[in-house]
Every structure is written in structure tokens, then in C-alpha cells.
Amino acid sequence: MRHHGFEESEKEMSFSGESRQGQALRIMEALSGADEELLERSENGSVQDISVYGKRGSRHQSLWRYARPCAAVLCLAVVGVLGWGGYRLTRGVNDMSSGGSMNDMALKSVEMSADGEGAAPEAVPEEGGAAGQAAGGMAEEEEVDRMSQENAGDSSMGADTDGAHDLGGTFGATGNSGDSGMSQREGDKAEEKSGDIQPGAGAVQEGATESATEETAMLDGEGCPAAKLQELTEAEARSREGLGDYIPEKVPGRYSFESAFCNLDLQEANVTITWSRGMDSILWTVTEVEKVPETVDIEAPETYDRRLYEIPYAETVPQEYRQSMDSPVFAWEDFTLEAVRSRMIAYSDRGDTDTPRGNFAVLYPNNIVVRFNGRGTAEEIWEMFDSMKAAD
Amino acid sequence: MRDTEILDLYWAREERAISETQLSYGNYCYSIAWHILYDREDSDECVNDTWLRAWNAIPPKRPNRLAMFLGTITRNLSLDRWKEKHTMKRGNGEMMLALDELAECVPDRRSTEEEVEAAELERMLNDFLRTLPERECNVFLRRYWYVEEYGEIAKRYGMKLNTVKTSLFRTRAKLREYLEREGVIL
């Protein structure tokens, strides 16, 4: 052991060539001098000892025995109350959005407020009222129809997942799902409304309105330019030169093809294909990258293995591993079933399926990157990768 | 038999002290040696050596916590045995032999400077351990003092495996930071 400042001693250590393991061994040896009190405490703090203590003190044991059932009953009661409250709230909101008149909606909201179910319902009649004034009952019906159509897309893809940022650029902007399509139409609708309000405006103003319409149409829900996507069939996607071979032949049971497209905004050749199974979905993107991404070191699981960390990841994952942990790229020669297992984690989110979910990418020769984001067991996902023509 | 009675046997120089120690702490010491060496024969030898060391040390010593006293001896012996085995693995050639022979000419710093440094490192580690929350400290000691597996520690404290790993990861990071702050270079 040396203190900084003694340069010669540092040289001495490097001369002796002591390995990191050797240095670790010195810490290990120094630990032999750990306080006996601390060591004894580590013996006593164990679960086994708690149970032993329980045998000695029956009062303690009985408290311990009943505490957990009591806590469980209490939890159930709380969940029940919250569930009932949520159900009432959801029913109220559904009733309002499915054809009741504005007066009914207002009445219901007043009722709900009187029931003391919080401030959230109060926001609903305000929105409904504004919509009613602006567009009337017909517009409201159209809105409901459109929402129901779009919900299909939302429920399958919007439920996902860890690497939402990965999807943002490409998938979030598709016309048949997500916020972007809806907001675009909302923009159009807003345009129509403005036309209604000032029908007799001059030519200059009309021109300005048209350009504003175009601009609005180019923006997604976040106010960002919408991606230009070329819709493809599954067969077309598979036949893409150089990329189609990286689309799996085999998908996990009951998954069915949903969509495929190319993002024309990207300079690099790319194809994305999605499958869904109820609330579960898989997003598979193949890109021929110009700049090869940095791959993770398979020998350093702390940089990519989600199992090593607990939620909230923002607190448990060290700063230097955040990027690789969010979206690791494995080199194809390092890619194993174990690597997939390290990324596919089952979360017990309330109201969600318990299918493991995760995201990662694999860098293949010729600068092909396959990005996976979705749900399935590690074995199923591994089989997908294994079934690619390129894997042969 | 209680610790005080075993210690009395040592002080009375009765050989039964060894068998009683074996009876009370044989498994405990064997477990420590096994976790480090993973070798039945070597572990047995270390445990037997522990009894010999204890026999030579008591009296004059009269440890307050006999288990910890014996455990520390076993651990040190096991670490020495581990190093010995790994050194042998590293070099079987003449070069290593030659170096070992030459090493005899190198003044033994361990007796002076290194002894002091080792004691200083021990003190620092103890200071560091005292700054840790109890559970974190326990987990750290179970892993790096007793060299127990993650699964064993998780079972012992009723924790999830990942929680144990995370706890150890954090503690190692803290220790590194602590040693760097103290300006320690190993």
C-alpha cells in the first residue's frame, strides 16, 4: 500500500508487476483484521438467527407470524378500494366519450366530483365542453370512431417497452399507430375550424393558411417533423436486398405479422418489421449502418446485464453504463442465448402481461445491425435470431 | 461446551481442548477454508493447522470471541494456501525457481514497512466498514471475509440474488472511492 506522492513507490509496484488480482488479495488479507464485532454482527443478522430468536421469544415470534398476513389483508383492501375507484372513474369517462350529450357529461362530472373521487374528472368536462362548442355532436362521433380505430395500433405497440427512445424516430411516427397520426389529423381538424371561423379572409391570408396546413401536416405530436415511411408487405420486406436475410423466418408462437416499412428519411438502407400477439409486440429493425456502433464487452456483464440492477435503473445503473445498458449492441461472434437472457426481463407491472421484455442490437458483418425491441422469452427470441437466413 | 470452558481447557494445557474445539467449531472453520480453497484436503489441513495455531496462541491469549479468533486464523491460513497454490500454477519453469531463489536476497520489507502499511490498510478498511449501513456491511463481509456465494448470502439474509449483487457492486464502488480519497495505492 502506498500513498500518492511517493512516485518511486508506484514505479516499484509496476516493476514488481503485481496483478490486479494480487492487489485485491492484499485487500482480502487486510480484511482479516475486520472488527470481530462486525463479523459477529454479520452472523447474527441472518434470517436463520431471526427464527432462532423467535423460538426464544414467543411474543416476538407471534408478532412476526401475524404481521405478514395483516399486511397482506391491508394491501388487498387498499387494492380493492383503488380498483373500485378506478372502475367508477373509467366508466364515467367512457360514458362521457361514447355519445352522451355535453349536458350529460357535465352532470356526470358533477356527480363524480360530489362522490369525492378527486380532481381528475373535473378536467374531462372542460375538454368535452370546449370540443362541444367548437365541433358539435357529429364531430364528437367522428372523434370516437377514429380513436377506436387507432386504439388497435396503440394497444399493441404503445404498450412497449424499455427502449422507447429507440422507437421514437421510426415507429412512433407511423401513420397507423401512435400519437403522430392522430395529431396530424387534429391539425387538419384545427385547420378546418379556423376556416369555419373566418370564411371570408383574403387571398394572402388563404395562402398563409395553406402553407400553415402543410407545415402542420409535416409535424408529429411532439411538434417534430414526421418521418417519411414506405409501407411494405412482409414478402417485400423479406426480399429487400442485403437486409431481408436478417428478418427471422420463425417468430414466437401466436405472433402475427403487423406491419413493415422503410424509413425514407434515413440515409442508410433499413427495413423494420413488426409482429404482435395481443398486448405483446416485437419490433425488428435491420439497418446497414455507415458508422459502426460500439459493441459491448461480453466479459463485462455490468455494462449490459439488466438482471444485475434493480428498478429504478436511474439510481442503480452507474452513469458510465447508462448508454450501453439502455441499448447495448452485441458483436455477432459474442452473441449467445445467455446474452439474450441478460436482456429479457419479466416485470410485474400491474395490468400488464408478464412476458419478458427487452431490447438490444446485434452487429453482424458488412455493418448490418439488427435491433430487437419487444417481448418474448429469451429462448423464443434466440430462436428468432437463429432462424435468420443470414445466420446460416 | 461453552467458549469459556474450552478456553479453560487450553489454559490448563489439556489436549481435549482441541477435540472440543473441533466439535464446536470444526464445521465453521472448514466452511471458511472450503469457500476459499474449494479443496477438501487443503481445507482439512488448514483447519488442523488452525487448532495447532490456537494451541500455540492460547495461552497467553484469551480471545473474547473464540469463533472469530479461530475463523480469522483459518482464513489467513487458507489465503496463504491459496496464494501458494496459485504461485505454483503460474510458474513451473526454471525461471520462476531462479526468481524465487533470488527473492531470498531481497531484504524482507514485510517485517518493517509492509507490516505498518498492512496495519494501516486494516485500520482504513475497518473505518470504511463502520460507515456502511448494517445490511450492506454484513453482505460485504459475507462475500469478502467468508467468501460465500451470492446465493448463500441471499438465503442467509432473505434477500433477492440481484439485491445482493447490487449491494456488493455499490459497496465496491464506495470502497474504491474511499481508498482513492485516502490516497491509497496498493
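Strand β7 (residues 357–364) and strand β8 (residues 368–375) of chain A run antiparallel and are joined by 8 bridges, in a predicted model for which local features need pLDDT of at least 70, side-chain atom pairs count only at pLDDT 80 or more, and totals for chains, interfaces and linings use all residues. Residues are numbered from 1 along each chain as its sequence is written, while chains are lettered from A and ligands numbered from 1 in the order in which they are written. Strands here are DSSP runs of E with at least two residues, and helices are DSSP runs of H or I with at least four, both numbered from the N terminus; two strands are taken to pair if DSSP finds at least two bridges between them.

β7(A) is mostly covered, with 7 of its 8 residues buried, where a residue is called buried if 20 or more other C-beta atoms lie within 10 Å of its own, exposed if 12 or fewer do, and partly exposed in between, the C-beta atoms being placed from the backbone.

These strands belong to an open sheet of 7 strands in chain A with mixed pairing, in the order β2-β3-β4-β5-β8-β7-β6.

Chain A as a whole contains 15 helices and 8 strands, and 26% of its 392 residues count as buried. Of the contacts in chain A with a separation of 6 or more, 61% are between residues 24 or more positions apart, a contact requiring that the C-beta atoms of two residues, placed from the backbone, lie within 7 Å.

Chain B comprises 9 helices and 1 strand, which follow the pattern α-α-α-α-α-α-α-α-α-β along the sequence. Buried residues make up 28% of the 186 residues of chain B, and 58% of its contacts between residues at least 6 apart in sequence join residues at least 24 apart. In helix α8 (residues 150–157) of chain B, the residues B:Ile153, B:Ala154, B:Arg156 and B:Tyr157 are buried. Viewed down the axis of α8(B), the buried residues fall within an arc of 160° and so line one face of the helix, the arc being that of the directions from the helix axis to the C-beta atoms. Just after α8(B), B:Gly158 takes a positive phi of about 65°.

Between the chains, 33 residues of chain B are in contact with 33 residues of chain A. On the side of chain B that touches chain A, α6(B) gives the most, with 8 residues.
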